[in-house]
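Please keep the sequence and the 3D view at hand while reading.

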Amino acid sequence: MGNIIVLSVVYLVGIVLLLAFNELNYRRLNLKGEFTRKFAHFVATLAVVPFPYIFPSHWYILVLASLFFLALFVTQYSKQLKSIHDIERKSIGSYLLPLSIYVTFLIANLLDNKFIYILPMLILAICDPIAAILGINIKNYNGRIVLFGHKLNKTWLGSGSFLVTSFVISLIALYFHRHVFDLKTFLLALSVAVATTTGELVSWRGSDNLTIPLSAVLILVLFL
């Protein structure tokens, strides 16, 4: 237990250093808040992928997630940490990220299947920032998606890149998990990609931090 507590402290210190580094770059390099926010999202989410191999119980994750949530709440309402909070759109995504990590870990822990946590976190860490950066920064031939006559706040390039990267990540991860590349691996990877892309597509105000991993979890629980 002592080693786990030490690792928990290491993760906390690592998150603090990441946020400090991100804030420093935001201020000195005059970077956009969207960029520094996605960078922090990518690094922080990728860093929690090994959690099932480190923490035997979801209670450790609950404590870490709660502290992260509290830090985000305090810094937003005290007008600090602008590298995370300085965005033009309204978003609750930063608050949903620790919740998403905990809920996904809890489900995987209860089902005793680490993969159910790892793949959704990989997709959330990598695909979401790629889709956001491409969707926001590339304007040419990149119109917003219209669904049933309603124009969504998503672009063809952003959602398309999410679908492709999610499929590739799922295909590779499932191959290493199942140790075979067959039709089931292909269809399962495609299903995860479509489900997570749909979760990203219909999300609102940053709720994709929750809908993306839970969409992947649903497919894996049903068909893996």
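## Terms and model

A residue is called exposed when its relative accessible area is over 50%, buried when that area is under 20%, and partly exposed in between. The model described here is predicted, and the structure holds three salt bridges, which are taken in turn below.

## A pair within helix 1

The side chains of Arg27 and Glu23 meet in a salt bridge, with a distance of 3.1 Å from N to O. Both residues belong to helix 1, which covers residues 2-28, and they stand four residues apart, about one turn of the helix. Arg27 has a relative accessibility of 57% and therefore counts as exposed, whereas Glu23, at 9% relative accessibility, counts as buried.

## A pair between two helices

A second salt bridge joins the side chains of Asp128 and Lys38, at 3.3 Å from N to O. Asp128 lies in helix 7 (residues 115-137) and Lys38 lies in helix 2 (residues 33-47), so this pair ties together parts that are 90 residues apart in sequence. Asp128 and Lys38 are both buried.

## A partly exposed pair

The side chains of Asp182 and Arg178 also meet in a salt bridge, at a distance of 2.9 Å from N to O. Because its relative accessibility is 28%, Asp182 counts as partly exposed, and Arg178, with a relative accessibility of 22%, likewise counts as partly exposed.

Definitions and conventions. Residues numbered from 1 in each chain as written. Predicted model: local features only at pLDDT ≥ 70, side-chain atom pairs only at ≥ 80, totals over all residues. Heavy atoms only, no water. Salt bridge = Lys/Arg side-chain N within 4 Å of Asp/Glu carboxyl O. Buried < 20%, exposed > 50% of the residue type's maximum accessible area, 1.4 Å probe, protein only.
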